[in-house]
Structure formats: C-alpha cells, structure tokens
Amino acid sequence: MGNCIFCKIAAKEIPSTIVYEDEHVVAFRDLNPQAPEHILIIPRKHIARIETLTESDTELMGRLVFAAKRIADDLKLKNGYRLIFNNGADSGQEVEHIHLHLMGGRKFSWPAG
Ligand code: 5GP
Ligand code: ZN
C-alpha cells in the first residue's frame, strides 16, 4: 500500500533492524521499545486490521505466531513473553498494517493497561 510505513519497512525503503524475514513475514525491532526485547512481526501483505482479514489469510496469521516462536527461541526468552495485537482505536493501534508485538525480557502485569 502506497503510504504504509510498515509496507515500506518490509520493502526496505525505510531502514529498520530486521531480526527475521521470509517470503511471507518480516520482523523488526520496535523504534520505541516498551520492553528489553520488543519486536514487531508483520505480514508482507498489507492487511490493515483484524476486521479486514479473510479466511484465506488464516495460514498467514499462523505464520506470524510461528515467527514469534522462532524469534523468542533466538532471543532465549526462556521465562516467557507477551504477544499482542492492538486492533482499532480503543486498543491504541497506531499503524494500520497488522502487526504482532513480541515483548520480553521483563515481567508484565495483567490485565494489560
Ligand atoms: P501499535 O500502537 O499500532 O500497536 O504499534 C505500532 C508500533 O510501531 C509502536 O510500538 C511504534 O513504536 C512502532 N513504530 C512506529 N513507527 C515505526 C518505525 O518507523 N519503525 C519501527 N521500527 N517501529 C515503528
Ligand atoms: Zn502496509
């Protein structure tokens, strides 16, 4: 999508610290980390929000989670980690390209704020 910052990161038109990539998925470090390890995992395909998913995207969404598992292994997050999709205005979603936050290296409270 023309103006999407995460599409530009996936295309390497905007620099980022990429920690994992394959044909379908790109993962990079969050610019404003909220934990010692804070990675954003995105599909290369532009999908704005959960509401715009179609059933044909289900495998792709599973790939985001599987990438999280691989990255967590690489980062040795043995004590656990948090995976978050912010979705829509009330959640605080700022970037309209689906992204899975992988956060680790500290304890998190529940319920999330
Ligand atoms: P959201 O609030 O939409 O769930 O999360 C968007 C995340 O993207 C935020 O944590 C923010 O710090 C991160 N972010 C926004 N712009 C950029 C950028 O240009 N590069 C990187 N690496 N992260 C970004
Ligand atoms: Zn996009």
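Guide: Start with the neighbours. Ligand 1 has 16 residues around it, and Arg29, Asp30, Glu94, His99 and His101 come nearest. A residue counts as near if one of its heavy atoms lies within 4 Å of the molecule.

A word on the model. It is predicted, so local features need pLDDT of at least 70 and side-chain atom pairs pLDDT 80 or more, while totals for chains, interfaces and linings use all residues. Residues are numbered from 1 along each chain as its sequence is written, chains are lettered from A and ligands numbered from 1 in the order in which they are written, and side-chain values use heavy atoms, with hydrogens and water left out.

Now the polar contacts, meaning pairs of N or O atoms within 3.5 Å. Aspartate 30 places a polar side-chain atom 2.5 Å from an oxygen atom of ligand 1.

How much of ligand 1 does the protein cover? On its own, ligand 1 has 520 Å² of accessible area, and the protein covers 86% of that. Such areas come from the Shrake-Rupley method with a 1.4 Å probe.

Ligand 2 is a zinc ion. Cys4 (SG), Cys7 (SG), His46 (ND1) and His97 (ND1) coordinate this zinc ion at 2.0 to 2.3 Å. Donors are N, O and S atoms within 2.8 Å of the metal (3.2 Å for Na, K and Ca); water is not among the atoms, so sites may look incomplete. Along the chain, the zinc donors follow the spacing C-x2-C-x38-H-x50-H.

Definitions and conventions
Polar contact = N/O pair within 3.5 Å; in protein donor to acceptor, adjacent residues only side chain to side chain.
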